[in-house]
Amino acid sequence: MRRRRVDPAAGARAGALPEAIAALSRSLPSGPSPEIFRRAKFDRPEATSALWQLLFRVLSPLPAGNALASIALEVQARLVKSALCSQGYPRLALAQLPEDGSKGSRELLLALSWLLARGPVPEQMLAQTRVPLGDEMTVCQCEALASLGPPAPHMEAEGPVDVRHVQWLMGKLRFRWRQLVSSQQEQCALLSKIHLYTRGCHSDQNLGHLSVTEAEMLRDPEGGQKLLRTLEHESRRLEAVLAWRRAEPVFWQWMDTVLGTCAPEAPAAASQPTFLPWVPECGDGELELVVRELQTLEEELREAVERRRVAWEAKARGCGRGPEWSAARRASRETVEKELGALQRCWEQDSGPAPAHGPHRLVRREDGAAGDRDLRAAELIRTLRSQEACLEAVLRQLQGQCWQELAGLAGALPGLIWIPPPGR
């Protein structure tokens, strides 16, 4: 693990380290006490369970209201190991820790500090648990939908595939999708009614109506008190995040001392596999035999590559002769035209204002006036419809490729009558 550079004068003030650790603990959701961090430096076993749960909360996509008590500690440890491995955590000692929480608190503290060094973890966790007061909708137009791109790798099934089971899964997926669309339409209809009935009730003239949360506060005052306590807790966490950013260099100075107490790993340990294959001992004669076999295989591979290169050159010289090459050239031309169209649309989008990203509050406006940073629903719908058209074009292209593959498979079997399914 690479150490982070800090300012040596940052920790001159006495008591800065306890304040930094306390601010970090308060800024994290269900953060452990500062004493857990201090015990983890000395690899105390009583701090292990709390750090496993904290890492699981940071790395898991579960909602904030989900209770961790229903998930066993062993399951949380396995998920944390898998998530850190997928993100490229460099220390192999974490993968060797027991999953029962008996030891390894110092290594877990190092993993937490690695996550803190990679990105703004407290701010991300605060954004996930933020209390929305208005009716919001998340919009993201950062990635332009272009063409199909490189083909996906072909995966062979490990056994016979039941077509009826695949059709059942497709039907279930369509049913769930229709349920989701209908629920979204019903939610939009209810939001429109609330915005229409509460028009003119808001103190802010730019909004003009109440949101669902604000209408619920008027209907249930006790719920409003609960919301107020939640907002106060969120404000305290925000203050803790600001205090953590001010005292962060002191924490990294302390983590240098924690990293210094760990046993050094091999320099190339991150690039080595966890389990090395066993290589039996052999004499000089056996090694010479293996070398000769490898040389023979190399000659065979070279000859095979040369034959394929000659065959490819022969095909390339015959390009444009015959219906097959005409169809291939026509398909290539259509693909290039789609690529150029996608690039042109992407260029037109980049030449305009910055694409929308993040949550936006839903506001009903009768006059149609919109601010500089506001998004009109009609413009957003037009953008979504253009993206839908691109996706449908890609879908038709994939369906055509599947039909061609099915026709080729059916033609390869003599006596087989292929009846295509009716078009939808």
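**Helix packing and the nonpolar core**

Asp-43 sits in the loop that links helix 2 and helix 3. Helices (H or I, at least four residues) and strands (E, at least two) are DSSP runs here, numbered from the N terminus. The model is predicted, so local features need pLDDT of at least 70 and side-chain atom pairs count only at pLDDT 80 or more, while totals for chains, interfaces and linings use all residues. Residues are numbered from 1 along each chain as its sequence is written, and side-chain values use heavy atoms, with hydrogens and water left out.

At 32% relative accessibility, Asp-43 is partly exposed (buried is under 20% relative accessible area, exposed is over 50%, and partly exposed is in between, with a 1.4 Å probe and protein chains only).

Zooming out, the protein chain has 12 helices and two strands, and along the sequence they run α-α-α-α-α-α-β-α-α-α-α-α-β-α. Of its 424 residues, 24% count as buried. Contact means heavy atoms within 4.5 Å. Among contacts between residues at least 6 apart in sequence, 71% join residues at least 24 apart.

The axes of helix 3 (residues 48–59) and helix 5 (residues 105–118) come within 9 Å and cross at roughly 25 degrees (axes are lines fitted to C-alpha atoms, for helices over the stretch in contact, and angles run from 0 to 180 degrees between N-to-C directions). Helix 3 and helix 5 are therefore roughly parallel; angles under 35 degrees get that label, over 145 is roughly antiparallel, 65 to 115 is roughly perpendicular, and the rest are oblique. Among the residues making this contact are Trp-52 and Leu-55 of helix 3 and Leu-108 and Leu-112 of helix 5. The contact residues split into 11 nonpolar, two polar and no charged (Ala, Val, Leu, Ile, Met, Phe, Trp, Tyr, Cys and Pro count as nonpolar, Asp, Glu, Lys and Arg as charged, and the others, Gly among them, as polar).

Helix 2 (residues 34–41) also packs on helix 5, at about 115 degrees and with the axes 7 Å apart. That makes helix 2 and helix 5 roughly perpendicular. Phe-37, Arg-39, Ala-40 and Lys-41 of helix 2 meet Ser-105, Arg-106, Leu-109 and Leu-112 of helix 5. By class, this contact has four nonpolar, one polar and three charged residues. Phe-37 turns up again in the surroundings of Ser-25, whose contacts beyond four places in sequence also include Gly-31 and Pro-32. Ser-25 belongs to helix 1 and is buried, at 8% relative accessible area.

In soluble globular proteins, nonpolar side chains tend to be buried together. A nonpolar core here is a set of buried Ala, Val, Leu, Ile, Met, Phe, Trp, Tyr and Cys residues joined through side-chain atoms within 4.5 Å. The largest one has 44 residues, and Leu-84 and Phe-251 touch the most other members. Elements giving two or more residues to this core include helix 1 (16–27), helix 4 and helix 6 (121–128), but helix 9 gives the most, with nine. Setting aside residues up to four places away, Leu-84 touches Leu-59, Tyr-89, Leu-94, Ala-111, Trp-114 and Leu-115.
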